[in-house]
There are 2 protein chains.
Amino acid sequence: MIVDKYREMLGAKSVIRELSEYATARGREIGYGNVFDYSLGNPSVPAPESFKKAVIRLLTECDPMDVHGYSPSLGIPSVKEKIAGSLNRRFGMDYTGDHIFMTSGAAGAIAHAVRLVAQPGDEVLTFAPFFPEYHPYVDLTGARLKVVPADTENFQINFERFGEMLTQKVMAVLINTPNNPSGTVYTKETLEKLAEIMSEKERQYGHEIYLISDEPYREILFAGVEEVYVSRFYANTISCYSYSKSLSIPGERIGYVAVNPACKDAVTLVNMCGQISRGIGHNCPTSLIQLAVAEVADETSDLSVYERNMNILYEELVKLGFTCVKPGGTFYIFPKALEEDAKIFCQKAKNYDLILVPGDTFGCPGYFRMAYCIDTEKVERSLPALRKFVETEYGQKNGAN
Amino acid sequence: MIVDKYREMLGAKSVIRELSEYATARGREIGYGNVFDYSLGNPSVPAPESFKKAVIRLLTECDPMDVHGYSPSLGIPSVKEKIAGSLNRRFGMDYTGDHIFMTSGAAGAIAHAVRLVAQPGDEVLTFAPFFPEYHPYVDLTGARLKVVPADTENFQINFERFGEMLTQKVMAVLINTPNNPSGTVYTKETLEKLAEIMSEKERQYGHEIYLISDEPYREILFAGVEEVYVSRFYANTISCYSYSKSLSIPGERIGYVAVNPACKDAVTLVNMCGQISRGIGHNCPTSLIQLAVAEVADETSDLSVYERNMNILYEELVKLGFTCVKPGGTFYIFPKALEEDAKIFCQKAKNYDLILVPGDTFGCPGYFRMAYCIDTEKVERSLPALRKFVETEYGQKNGAN
């Protein structure tokens, strides 16, 4: 008999995917160039040439038995060492290859990290607004994901509510900075305060509370924003990384878990990841792609388009009267909708061929997300539509005219 | 707090991996060429040139955004259609792309298939000798793997014991033909009888009993052995395939689930696989490798070395007095040890630099596995060591001298 828990998941369609499908269908009617599709967080710049060259070199110059052979379940040792070295140089850490576990992107990394430390009866806290796929990662362990309401002032952390919700049952706190969907980057002060509270509660409760740090947007940081490496603030940190955004290779499903060497049982946790993989039959990411990313571990695609797009949109949104926290990174912006129900707001926007995602999906009703990982030319062409939408639908209520 | 179930798995080291590590260490002492390492089932022939060319063509001629972009969680539609077409041509099936779910090799495929139909309280049956990783795939669903004792006459199916063990609790039967470790290929008669018994029990119990067919060795078939496609014999079949062996790319982690179109809820099962993937953060296999295997779906590496090696070993083993079923495929042979405890037998063999794996690991004590995916030259050089081992340790008991 079919297992119900998976069958039931089929019912709940992704809002983002439905909007993206609508955009594609609408594109067939009026030309996709005329649909201002801000729905999907798909990188819009190509992978760097060096990545392509690395793959071709591996295929043409190396023994195919080495390149295509089994990877150990924890990842290829030389790859893990290169990644540890790169993190140490960039962030002043002291990882070795033994602290790295290769995964299928950040999704695989987070799902492994949660399984390491959460089980039925436990709770995992995250902060609104948050990436909705955290739900399946946590739910299928049998633990419960609880969402701390947003600090809508600046999308840092609502520490008052966090303190209340950080009960004895909480085994892990899951953060995402730079943040999808708000674009906010946690400040040094936010991370210090977070670490202080968590350390205090660890002492009080007598058990570890792990910080799971989801960092796929780590390299997409805008001017004037301080780069902070989360794991430096808190010993029991499990960092989850993906090359999807930095190298524009989301389909290649490659990333890693990096356990802080000062974390309790650090190497045991990494080894346990291998056992989790065994049970799901995943084993390890593709060897060819592991070897290739190791060669370009310090590089990125040309990510400058995202900041350019952000500035254009931010300026226009503010001009139109939107309440909007200026993003410090990522390729998202998360303004407040011009009416209470962001779902209705986004529905109306479709009439202007603007595809926006209501914040309800991210645990933050009343806001909406724009993923501006599209060509700058298209962002510019979308501004008249945005103006017309706001003026027509909300002209009386805003100072935009 | 760390989740115990994964920590406890760390204790149980793989016998095969330990033997392989011993072989590597011994190789450092006497030269790896002098260690007759029959431990690991790692392909020993390179991937076909056409695979390499397909990858390079994708990288150099296609838009990197298409090649490296997100794959849908069920797999890339064009890839799924090509695979369905290839299976239909070769085996007279009527799959469409909707019946195919792309996975990380057969491991991923089996782990997904088991999760579709088994949960705590259920049982999954398999037949000794069997691949030991079936345990984590089944155990971590909460269901129980039960092993039907071997038919040691010919390593087909012990139907008497199967009939007894196929109780109301059994939701799936997991088979592997051509078989690791025995090398046996199930005959048409075996599959017909298996299907007949399962269909009868489905009617009796009033629920589906799914046949999960693990087929990574499907293309490694020896002369005179009839090719049979399991899914043709039983409607409720979920086929699990990997390109690891046919294309010699085990590190690239690529394979698929193919659900028989006549299977109950066939397309729902495929869609549910996508939900299972979501929960483990796996999402889908690497897009570059998906696209590449689709281009060479009907091809294989030059697999002829395996049959050559099998014939040399089989002839010598029989000459030395071993009881041995002649393999019909794979790159394994599974003779009876020359003393009751195969672990002691294999331990003694190490003194002759012969690395053999005791059958206990495969649920079949008293036998041992040789993985002859090594150069023919090395197989030939191993024969004097094999003779010396048998004559010295077991000379009195055998007619070998």
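Predicted model: local features only at pLDDT ≥ 70, side-chain atom pairs only at ≥ 80, totals over all residues.
Which residues of the helix are the buried ones? They are B:Thr190, B:Leu191, B:Leu194 and B:Met198. They cover an arc of only 90° around the axis, so they sit on the same side of helix 9 of chain B. The general rule is that an α-helix has 3.6 residues a turn, so residues three or four places apart point the same way. On the other side of helix 9 of chain B, the exposed residues are B:Lys188, B:Glu189, B:Glu196, B:Glu200, B:Arg203 and B:Gln204.

Now its length. Helix 9 of chain B has 18 residues, 188–205, and at 1.5 Å a residue these should span 26 Å; the end C-alpha atoms are 26 Å apart, which agrees. After the helix comes B:Gly206, with a positive phi near 75°.

A cis peptide bond joins B:Pro181 to B:Asn180, with omega about 20°. In chain A, A:Pro178 is in the loop between strand 5 (170–176) and helix 9 (188–205). There the cis peptide bond joins A:Thr177 and A:Pro178, and omega is about -10°.

B:Ser248 has a phi of about 55° and is found in the loop between strand 7 (237–242) and strand 8 (255–259) of chain B. Is B:Ser248 buried or exposed? It has 26 C-beta neighbours inside 10 Å, so B:Ser248 counts as buried. A:Asp353 has phi near 60° and lies in the loop between helix 13 (342–349) and strand 10 (354–355) of chain A. With 18 C-beta neighbours inside 10 Å, A:Asp353 counts as partly exposed.

Staying with chain A, a helix pair. Helix 5 (residues 77–91) and helix 11 (residues 287–295) of chain A pack at an angle of about 30°, with their axes 9 Å apart. Angles under 35 degrees count as roughly parallel, and these two helices are therefore roughly parallel to each other. The crossing is left-handed. From helix 5 of chain A, A:Ser78, A:Val79, A:Lys82 and A:Ile83 meet A:Gln290, A:Leu291 and A:Ala294 of helix 11.

Last, the contact between the chains. How many residues does it take from each? It takes 60 from chain B and 60 from chain A. Elements giving two or more residues on the chain B side include helix 3 (49–61), helix 6 (105–117) and helix 10 (266–280). Helix 10 of chain B gives the most to that side, with nine residues.

Terms used
Residues numbered from 1 in each chain as written. Chains lettered and ligands numbered in written order. Helix = DSSP H or I, 4+ residues; strand = E, 2+ residues; numbered from the N terminus. Expected span 1.5 Å × (residues − 1). Buried ≥ 20, exposed ≤ 12 C-beta atoms within 10 Å, placed from the backbone. Arc of directions from axis to C-beta. Axes fitted to C-alpha atoms, helices over the stretch in contact; angles between N-to-C directions. Parallel < 35°, antiparallel > 145°, perpendicular 65-115°, else oblique. Left-handed = near helix turned anticlockwise from the far one by under 90°. Contact = placed C-beta atoms within 7 Å.
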